Amino acid sequence: MAHDKGLDNVAVHWPRTNQYYDPVAPAEFVDFGAIADAPEIAAPTGALALHIAKTGTVRATAYTELVDLLLGLDGVLYATDAAAEDEDPVIDPDGCAWIAGGLERFVEGHEKHGDLVTFDTVAQVMRDAVASGRLAEQQLRWLDQRLSALRDDAGNAPHWSFARSELAILAGFYRRCAERGYAVFADY
């Protein structure tokens with residue numbers, strides 16, 4: 001899914017009370033700023049945490065392919081299903097909980113692979129997760145198809161490079177929204 005502009009996921013009050021969704025005050029995320037000040041935090045993790053603390057928003061463009069792969073759908077952070085149903089690209093609090101849960105399970109499963117998240121480590125974590133489940137052979141075929149679809153025409157993998165802690169912060173944003181009953185508006 002390609003869009004001309006970047007994608008922001010903005011925390012908003014749920015349900016909307018007028019024609020527009022009211023953004024959540026950044027003060028609801030101010031504690032994310034303390035994470036950015038920790039000396040051992042990777043720079044991308046600190047930058048994401050600080051942006052969330054200041055704006056109550058995630059610049060989601062960089063995470064869309066990864067989240068879609070992890071959750072098995074397309075356009076998750078664009079809220080494409082909600083857009084079709086409601087004409088508003090909004091992820092409700094239950095959807096935020098689902099996204100947070102998927103990211104949290106991935107972050108936990110990636111621990112043995114270290115802090116650097118790449119296309120190859122994502123593939124390994126996902127293979128490990130589906131190999132032990134029901135219908136493992138079918139799920140592994142599905143996963144291989146999804147992974148192949150992400151490669152370019154020359155067969156090169158996406159150049160993903162995330163800190164595992166960065167994805168934990170991303171999960172924390174959606175978990176906060178879910179726990180406090182906020183939705184996320186996909187602004188692009």
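This is a predicted model: local features need pLDDT of at least 70, side-chain atom pairs count only at pLDDT 80 or more; totals for chains, interfaces and linings use all residues.
Helix 3 is followed by Gly-72, whose phi has a positive value near 80°. The buried residues are Thr-64, Leu-66, Val-67, Asp-68, Leu-69, Leu-70 and Leu-71. Their packing partners are helix 5 (93-110), helix 6 (119-131), helix 7 (136-150), strand 5 (162-163) and helix 8.

The chain as a whole contains eight helices and six strands. Along the sequence these elements follow the pattern β-α-α-β-α-α-β-α-β-α-α-β-α-β. The radius of gyration is 17 Å, which agrees with the value near 16 Å that a compact globule of 188 residues would have. Taken along the principal axes, the box filled by the C-alpha atoms is roughly 50 × 45 × 35 Å. Of the 188 residues in the chain, 42% are buried. The accessible surface comes to about 10,100 Å², and carbon and sulfur atoms account for 50% of this area. When contacts between residues at least 6 apart in sequence are considered, 70% of them join residues at least 24 apart.

Four of the strands form an open sheet in the order 2-1-6-3, with antiparallel pairing. Strand 2 (57-59) and strand 3 (90-91) are the edge strands, and each of them pairs on one side only. The pairing of strand 3 with strand 6 is antiparallel and extends over two bridges. Within this pairing, Val-90 has Phe-185 of strand 6 as its bridge partner. Helix 8 (residues 164-180) packs on the sheet, where it touches strand 1 (8-13), strand 2 and strand 6. The direction of helix 8 makes about 130° with that of strand 6. Helix 8 is also one of the elements against which the buried residues of helix 3 pack.

Eight aromatic pairs are found in a search of the whole structure. One of them is formed by Tyr-78 and Tyr-188, with the ring centres 5.2 Å apart and an angle of 75° between the planes. This pair is classed as edge-to-face, because the angle exceeds the limit of 60 degrees set for that class. The two residues belong to distant parts of the chain and are 110 residues apart. Tyr-78 is placed in the loop between helix 3 (64-71) and helix 4 (80-86), whereas Tyr-188 is in the segment after strand 6 (182-187). Tyr-78 is buried, with a relative accessible area of 5%, while Tyr-188 is partly exposed, at 34%. Elsewhere, Phe-29, Phe-32, Phe-173 and Tyr-174 make up one aromatic cluster.

Several backbone features were also identified. Most residues other than glycine have a negative phi, and most peptide bonds are trans. A positive phi near 55° is found at Ala-79, a residue other than glycine. Ala-79 lies in the loop between helix 3 and helix 4, and the residue is buried, with a relative accessible area of 5%. Leu-135, likewise not a glycine, has a positive phi of about 55°. This residue is located in the loop between helix 6 and helix 7. Leu-135 is exposed, with a relative accessible area of 54%, in contrast to the buried Ala-79. A cis peptide bond, with omega about -15°, joins Trp-14 and Pro-15. Pro-15 is part of the loop between strand 1 and helix 1 (32-37).

Helix 1 also contains Ala-34. Ala-34 is counted as exposed, because its relative accessible area is 55% and the limit for exposed residues is 50%. The C-alpha atoms of Ala-34 and Leu-50 are 8.1 Å apart in space, and the two residues are 16 residues apart in sequence.

Definitions and conventions:
Residues are numbered from 1 along each chain as its sequence is written. Side-chain values use heavy atoms; hydrogens and water are left out. Rings of Phe, Tyr and Trp (its six-membered ring) pair if their centres lie within 6.5 Å; planes under 30 degrees apart count as stacked, over 60 as edge-to-face and the rest as tilted. Buried means under 20% relative accessible area, exposed over 50%, partly exposed in between (1.4 Å probe, protein chains only). Two strands pair if DSSP finds at least two bridges between them. Contact means heavy atoms within 4.5 Å. Axes are lines fitted to C-alpha atoms, for helices over the stretch in contact, and angles run from 0 to 180 degrees between N-to-C directions. The radius of gyration is taken over C-alpha atoms; the globule rule is 2.2 Å times the number of residues to the power 0.38. Accessible areas come from the Shrake-Rupley method with a 1.4 Å probe; for residues, only the protein chains shown count as cover.
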